[in-house]
Amino acid sequence: MELNKDCMYCMEDERIDNLMIKIANLGVSTVFLFKEQTYKGRCNVVYKDHVKELFELSDQELSLFMNDVKRVAAAIDRAFQPNKINYGAYGDTLHHLHLHVVPKYEGEDNWGSTFVMNPGKVYLTDKEYSDMIKKIKANLD
């Protein structure tokens, strides 16, 4: 596994702890719950190795990564019943392959438009995060 010591995803240090909570290791990735929960159930699926682009993966690696993304999206859908799930692959400033899995709810923030990366509006209690993580884990097939 290739690691980059400057990358918060590779190091899983306090930089990531300030933004997310680790939920589980999957086939070729790790899923994290965003602490900022404007979009209830929002997660990040982070590839296991320090690669920058999808095209850097072999066909098999890409298939396995997208299967992890699919599993997370399906778990979020079963746990929270959003009206739609948005996906985002940005990484302009953090060059480690990851996909944002963002549930959207009709009539709520940014419905009908692009999700805001970090709206800074909704933070939960430790118990609420724990309950949310349990729901997601219970639905990860």
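Predicted model: local features only at pLDDT ≥ 70, side-chain atom pairs only at ≥ 80, totals over all residues.
Let me begin with a term: a residue is called buried when its relative accessible area is under 20%, exposed when that area is over 50%, and partly exposed in between, using a 1.4 Å probe and protein chains only.

Residues are numbered from 1 along each chain as its sequence is written, and side-chain values use heavy atoms, with hydrogens and water left out.

Helices (H or I, at least four residues) and strands (E, at least two) are DSSP runs, numbered from the N terminus. Leucine 124 sits in the loop between S5 and H4. Contact here means heavy atoms within 4.5 Å, and, leaving aside neighbours within four places in sequence, leucine 124 is in contact with Gln37, Tyr129 and Met132.

Let me turn to the interior. A nonpolar core is a set of buried Ala, Val, Leu, Ile, Met, Phe, Trp, Tyr and Cys residues joined through side-chain atoms within 4.5 Å. The largest one has 29 residues, and among these Phe65 and Val72 touch the most other members. Two or more residues each come from strands S1 (20-25), S2 (29-34), S3 (43-47) and S5 (98-104), and from helices H3 (59-80) and H4 (126-139), with H3 giving the most, eight residues. Beyond four places in sequence, phenylalanine 65 touches several residues, including Val45, Tyr47, Leu57 and Leu99. Apart from this core lies another, of nine residues, among them Cys7, Cys10, Phe32 and Phe34.

Why is S5 described as largely enclosed by the rest of the structure? The reason is that seven of its seven residues are buried, so the strand is largely enclosed. In a regular strand the side chains alternate between the two faces of the sheet. In S5, His98, His100, Val102 and Lys104 point one way, whereas Leu99, Val101 and Pro103 point the other way.

Two strands pair if DSSP finds at least two bridges between them. S3 and S5 pair in the antiparallel sense over four bridges, and leucine 99 in S5 is the bridge partner of valine 45. Strand S4 (residues 84-88) also pairs with S5 in the antiparallel sense, over five bridges, and there lysine 104 is the bridge partner of lysine 84.

Not counting residues up to four places away in sequence, threonine 38 touches Asp109, Pro119, Lys121 and Val122.

Glutamate 12, in the loop between H1 and helix H2 (14-17), has a phi near 45 degrees, a positive value in a residue other than glycine. Asparagine 110, in the loop between S5 and H4, has a phi near 60 degrees, again a positive value in a residue other than glycine. Glutamate 12 counts as partly exposed because its relative accessibility is 34%, and asparagine 110 counts as partly exposed because its value is 25%.
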